[in-house]
Each structure stands twice: as structure tokens, then as C-alpha cells.
Amino acid sequence: MRRLIFHIVCFSVLLVSAAQARLFNGEEFYLPNGMQVIVVPNHKAPIVKHMVWYKSGSVDEAPGKGGSAHLLEHLMFRGTAKVPGDGLNKILEQNGAESNAFTSTDMTAYHQMTDISRLELAMALEADRMQNLKLRDKDFALERDIVYQERKERVDNNPAGYFNETLRRVLWQNHPYARPVTGTPEEIMSLTKEDMEAFYKSHYAPNNAVLVLSGDIDAATARQLAEKYYGPLKKRPLAPRPEMPRLEPSFKAFFTMEQPKVNSIRVGKIFAAPSYNIDPQDIYNLTVLSAYMGEGETSKLYKKLVLRDEKALDVSTAYDSGARGYGTFSISAVPAPGISGEELLEAIDDAWAEAIRELTPAEVDKIKTKMRAGLVYLRDNPEHAAYIAGSLAAIGMPLNEIEKQADEIDEVKASGVKKSAEKLWKHAPQASGILKPQKELTPSGTDQPGKKEGRR
Amino acid sequence: MSHRPLYKKSPHCGIKIFLVMLLGIALALTAYERLTGFHAQEIVDNSILKAKTFAAPVQEVVSGRGIKAYLLEDKTNPIISVSFLFENGGWAHDRADRQGAAKMAAAMLGEGAGKYNSQAWKEALESKAIGISFSAGKDDFSGSLLTTTENAPQAFEMLRLALTAPRFDQADIDRVRALMLEVLRRQKEHPANELGLMFEEELFRGHPYGRNPAGDPAAIRKLGRTDLEEAVQARLAKDNLIVGIAGDIDAAAASKMLDDVFGSLAEKARTAALAAPEPVFNGVTEQVSRRSGQNIVRFAAPGAARSDADFYPLFIANYIVGGSGLSSRLSKAIREDKGLTYGVYSYQTLDDAVPLLQAGFSTTEDNYGEALDLFKQQWELFGSKGVSAAEVEQAKNFLTASYNLRFASIGNIADILTAMQKYRLGQDFLQKRNSYIEAVTVDEVNAAAAKYFNKDRLQGMAIGSFDKVTKEK
């Protein structure tokens, strides 16, 4: 739970609204030091979500320094000059705040959910650790061991997780998105305290951060508090943004992976797709395309592959446009018993082509209606607005564009969706993979099912 | 001008100068501290956003047909959430030769009812943004509904249909069955799941709690329409129904909804509470050898039921030992001070037939022996030495100050209203809950620590590689 690595999930279904409505009715402004502030009032309960998003993540790490951004995120809980040791955790706990953080490829965020009477406390602590972090050798060594264990827990005991990580690595190749956010175990253990200090100094600054306040607060109070706590922080020169190499559009890769603990087959296919930063218009076509193709059990691929052809037990698509570099369009599926992964991948190709032929304006309207219907739920839990607005702001989308995504979806036409789908399918770099059970058993002695020994 | 001495000589001059200097240093330090230190309490005291009393008045609604529910009206957004459960309808109540029936029934209630076949059902829900879902837990069969106020009439009608006229079409049964078998096939991919299955089977030996929650593959292959109808009829009734309602709906509308949706259910369920299992707690941690990236260990010990006088003292004790995240004693000893694990935790479980205190962690093989020793040491130390007044104070502060956070979404509020009725916490629980926490004394926490934290009564099981562990011992 704590400090989890947050793979920005596909919010596409949530990103849509009725034509006249803004998604959250939020407000946005900048402090003189460059810090961006987004306020989303929600007066249901006297609580507020406070988040600080840094526009830096694992893609900003130097080569060979994989895991720096994430390890630094952990070290941000190990004390500053003013609030040494575990003081931040202790103070927030004393005051009933839930506090955590996460790192992704493109960004890092720190956040607290708190009673409004404790918001200023959270802001004071967050502002303090933006510039006064004190790294001690002992804490560094301990936290490096902890993230090493985290990596083992998340990936090494989880064959499906390892398969998905590999699928991404195969697609992205030399692109920084290929690297796991945690770093590899070897990279983690080779990191130094100096690596952390260098990353901190060149990325943790108000001019690289977005403050989000979502909850029982109005914009005027938010501005007053933002100026009080974050206003005095000084701008810093930032590290140059990393190069995001272009992938070869004709790239198509395929791999299979056998894992000893796996008893059923899974297939995955991912595309390096346009993102908001690559093609801001295309993303709405692809958002509708993903909903049409594979989001939910009334989607086209589900109807064809699961219900009609009975070749899959499940199939789904997801599209993430909120990225600094490429976005990702992905298809995941589970073959029905007796169907091989290879057969299912072929069947997906056929079903996709058929679904594109059937894509009519009426079908697109149906998708839009569904997307619009659930808009009001976005105003329920203040955390949802905070995550959506913050993650999109962190990749450079201004609030007015976040707010009007519904209008953009309303403008989507079947012809546009078809064109974007064609471009994706034929001209986007792509990788497919199959996860299978291992054919032969592991060497004897390493695996002894059922053997138990008592130990006190 | 003659030179004037700064200080008049006096017999105590040295001392005075020293005292003045001390005072100066103290003042300077205070000033420095004022400028540079962090004054949490001061920030809270001077905060321009003051704490608000948050009323959350819960009403009890009784429908014309006598169905009771708790309601928390909230008009902030045009959304309604209904949470409901049928007691003793969970998977542990499946017939021994029908293990998986409750889960399959829960899945099938989402596959169409009345005139809506599976696809028409899902299309209707999606186009109106209505969420209806069912699940079979260990003890209860539960469900939830989320709708906009505008679409509430259709949402309530669809929920009524799901509960009273599910279709159970054969093609959907076959599809759901195939998915359940797939879940079983990949159930042991993660060693934590394999450990959980083995641990509970052993702990609850012979009792339904020890069964595989995902069902028995042989039974699942045979389950058909008649079994599902029987499973639903036995479970879904008025005498084991609990409902919580939150959001944009008033008492009159809620009362009508209760009759419309649940009114035609059978009066009495044909399911009963389970006998208590008799787990053995003997301080032994069994080892199961598997090739895995980390060793994982789980523990269980006797716990306190929600209605037990020990519940709140143990609630606070558990928070201090392993429930509070990074600053818990276990986390401090094994994670924060030693870097041996990503996470170590303890928690209370309140299953109907047996309350437990549980704990666990995972770590690589080379760390396992040291982490296990530290864990047992902390557990024992807590039982024998207890807690300080400061620790209890800190725990109470968090538990009371964080209370409002649970009102973030109406879905969560509806669930709380249901739990308040299941555990008989009273209609005024939301107003009184913090006073229950505050009333717990240090002595009570220490008594709970002494009673529940004893390493000789901690039953454990670990999965992973133990070659290095054994060699070191």
C-alpha cells in the first residue's frame, strides 16, 4: 500500500462529460516561483486531498541509474534539517492524515488525505521536504535495501507482472520507457547517495511541481495557503529533459515466455501510440476506439472473441494518452481452453479488422452516451479529481484542456476513429507476447511440493 | 572619557556573567528554534481552516413491509449508493458438494434478469451509468448499487430483477464456469496465494473456512441452473438482509425503494450461522519449500469479536504493533531500522465464526531468519512489557483525527451503514465512535497486549527457500 509505484491507469472512461459541463469546475494559477496550483472544490465532507506532483520520474534517470527516482521517493520520508528522521510520518500520524507517495515513468507524487484543519500542516511538511531534504548514509543504505525487497515482492514473485514488464521492454527497446520504474535489482544495489542528491537537486523545485488541492476548500483560501507555504520556495535550474527517441514505425516484435509457476496462457499486444504531447487531437479518437474495441463486456472484441467465436475467456483494451513521450494502447486476452496463444493473436487481428469495418457513426454515438452518463461520479470522491487533474497536469496538460475533454470527445467522428485506428494498427511500433506454462519441470530438489517442516 | 567597566565588580560577578551568558544562549537558541524549527501544534492552532463538526445524522428507515435500513442523506451530488448483504450467504455456506455455488451465483446475478439477456443487461447498465454488482464473501452474500438520481427508478427496478428474476442462461453459465476454472488454474502463480490457501486449510482443518474461496474444480464443473436457483433461494431472504443507503434520497423514497426492490424476497433464509472452528495455536511456524523470489510468512492468533469488551483495547494494541504502517513497532524494527522487508503488518479479522489476530511479511531468503527472529521478539515483547502512555495517546490521536476521511465517497458511507447494522453498533455510532476510542485506558491496552500477544500461541506458515535459514541455525 505505502509508496506504491503507480502505473497511471487508463482514465479514459472517466475523462468524458456532457458538452456544456466542465469535468471538475476547478481553478488553476501559478505562483511567482513557477509552481502550478490546481484547486478542485468539493464540500461533501470536511476533508481534503493534498498532492504535490513533480514532473520527473524514471525516464529522467541517467543511464545505469535505474531506480533513482523511486529510491529518492522513499528517502523523502527519512527527514529534513527541520523535521529529522521519521518526524514527518510521526507528525502526520499524530494528526490523522493518510500519507503516501508513488513514482511512475513520467512523474513522482506525494500526497496526503487529511481533515481540513490539518491541511496547513501537510503543506508545511511538503514544502519543507521540497528543498531541505537531509540524506544520511544509514538511511540511504536501509532504504536501498527496502526498495530491493519491494522489487522482489512486486515482480520476482509475480510471473504475470514479469511478463508485462518484458512486453514493455520489448516494445520500447532503447526508449527510457523500457526501463522498470523500480530499476533492476542490480541497478538498485549500485545506486549511491550522491546519485540521489544529484536527482533531488535537479528535479525537486517549485518550477517543476504541480500542487493539487481537492476537497472542502475554496480557490481563494487555496491561493492564500499556497502562497504562504510554497510561495517562499526558490526556483532551481532543472535538469534538461531527457531525449525521447522516436521508434521505427515499422517495428513489430513478438516473443513467448515460459514460466514455471504459470498454468494458463495469456497474450498481450501493445502499441507505441500518440499521447497528448505527440498528437493532442488523435487522443480523443483513440479514447473512443479503446472503449469501442475492448472496454467492458459489451465491447466489440469481447462480443466477437469471447461470445461468438469462443476463442477467448476474456479480452480487453486500454489506452493511456497521459504521457510525456508516447502513449500506450494495449490489448490483453486469455485464450479459451484448447486455443493456443498464437491462434488467439491471429483471431484478435481478424476481429479487430472486422470491428473496424463495422464502426459506424451510430456505434460511436453509443460509446459517447456511455462515457457521458457517468460523469457526475467524478464529483463524488475528491481523490479521483485530484489524481486525474494532477497526473494530466504533470505531463503538461493545462487545466482548461483537462476540463473540456468531454467537448473534445463529443466532437469525435467515426471517420476520425477509423483513420486513427488504421494509423495505430499499421504504422505504430508494436510488440506482442505470449505467456505460457513451462513445458518441463524445474530440476529436482528446487521444488518439493507439499514438503513441510515444523520450526519453532 | 574614562573607561567604564561593562560590569561592576561584585563577589558574584563570575556567576552572574555566566548566568547572563546562559540566558543569552538560551534566548538565542529559542530564537533560532523559532526561526528554523518545525512547530506542528502551532501550525494546527493557527490554521485558518478550522475543524468542523460533521453531523452525519443516520436515520433508520422502516418500509411498509417492515424492511429496515440505515440511511444517510447527502444532497451534495445527485448520486445514490445502496449497499446490502445477506448474512450467512457467503462461500463458506456452500454445500460441501457444491463448493463454488455462491461465487457462481454472484457472478450470474450480473448476467441478466427478466427480459434482459446478458448483453441487453450490460448495455442498459452502461448506457445509464448504473453499477450493480454482487459478490460472495466468506460469511455474507453482498451487493451494491450506484446510480445517478435521474436514473434511480430504472436502477432500482434492475436490482429487483437481478434479485428475484435472474435468467441463468446456459451459455452464460458455461462462460462464467470457464472463468472460475481459469481463476483456479492461476491461483497459485503468486506464492502468497498458495501460502494463503495452505495456511487456512491447515488452520481451519475440516471447517468450511478452510476451503478454497474460489471453489472446488470438480464441483464447479457440475454446477448447473438448478444449483444456482437453489443457492439463491436459500440465501436471499428478508430475515438475513441488511441494507445501507447513502446519497441523494430521502426517507420516503428510500422506504419505497426497500419495498420495491427487496419486498418480494422470501421471509426466511435457509442458511444458518456456522459452528466455530477450533484452530490450534501452538507457536509453530511450518515451512513449505518452493522456489520463489522471496520467502513469505503468515501468522494467526486468537482475536476479539466486534462485540467483545476486548475489541477496542485490542484495536489500539494492534494499531501500535503492526496496524499503523511505517511507524508501527513491527515496521520500525524490521523495515525502518533494518531494511529487511518492504512491508510487515498485523491486522484483526472479524469473520463471523472466529475472530483472529493476523500478521505477516515477506523477505528474501538471506534475510528471513533475522526478520523472523525480530518479528517474534517484538510480538513477545509487546505481550510481556506492554505499551507506554505516549504510544496509546498517539494511536488514539490518529484513530480519532482520521475519522472523517472515511466519508470521502457515498459508496463507502453506504458500506459503513451496512457494517453498523451487521455488528450492531447502534444508529448513533458515527457520533459516538471517537468517544469509544478515547475511553480506552492504557491499562486496558496492556491487558489486551498481555492476553493476545504471546509467541507460543502464534500459529505460522512460511513458503519459500529455507536452506540458508536452516544452515545458520
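The legends below describe close-up views of a predicted model.

**View 1. The interface between chain A and chain B.** In this predicted model, 92 residues of chain A are in contact with 96 residues of chain B, and the two chains bury about 8,200 Å² between them, with 54% of that area on carbon and sulfur atoms.

**View 2. A salt bridge across the interface.** Arg335(B) and Glu143(A) join their side chains in a salt bridge with an N to O distance of 3.4 Å, and the count of salt bridges between chain A and chain B is eleven. Polar contacts between the two chains number 31 residue pairs. On the side of chain A that touches chain B, helix α4 (residues 137–156) of chain A supplies the largest share, eleven residues; by class, this side has 34 nonpolar, 24 polar and 34 charged residues.

**View 3. A stacked aromatic pair in chain A.** Among the 37 aromatic pairs found over all chains, Phe102(A) and Tyr387(A) count as stacked because their ring centres lie 5.9 Å apart with the planes at 20°. Phe102(A) belongs to strand β4 and Tyr387(A) to helix α13 of chain A, so the pair ties together parts that are 285 residues apart in sequence. Phe102(A) counts as buried at 2% relative accessibility, and Tyr387(A) likewise counts as buried at 17%.

**View 4. A tilted aromatic pair in chain B.** The rings of Tyr312(B) and Tyr436(B), with centres 5.7 Å apart and planes at 40°, form a tilted pair that links helix α11 with helix α16 of chain B, 124 residues apart. Tyr312(B) is buried at 16% relative accessibility, whereas Tyr436(B) is partly exposed at 28%.

Notes
Residues numbered from 1 in each chain as written. Chains lettered and ligands numbered in written order. Predicted model: local features only at pLDDT ≥ 70, side-chain atom pairs only at ≥ 80, totals over all residues. Heavy atoms only, no water. Contact = heavy atoms within 4.5 Å. Buried area = accessible area lost by both parts, 1.4 Å probe. Salt bridge = Lys/Arg side-chain N within 4 Å of Asp/Glu carboxyl O. Polar contact = N/O pair within 3.5 Å; in protein donor to acceptor, adjacent residues only side chain to side chain. Helix = DSSP H or I, 4+ residues; strand = E, 2+ residues; numbered from the N terminus. Nonpolar A, V, L, I, M, F, W, Y, C, P; charged D, E, K, R; others polar. Phe/Tyr/Trp six-rings, centres within 6.5 Å; stacked < 30°, edge-to-face > 60°. Buried < 20%, exposed > 50% of the residue type's maximum accessible area, 1.4 Å probe, protein only.
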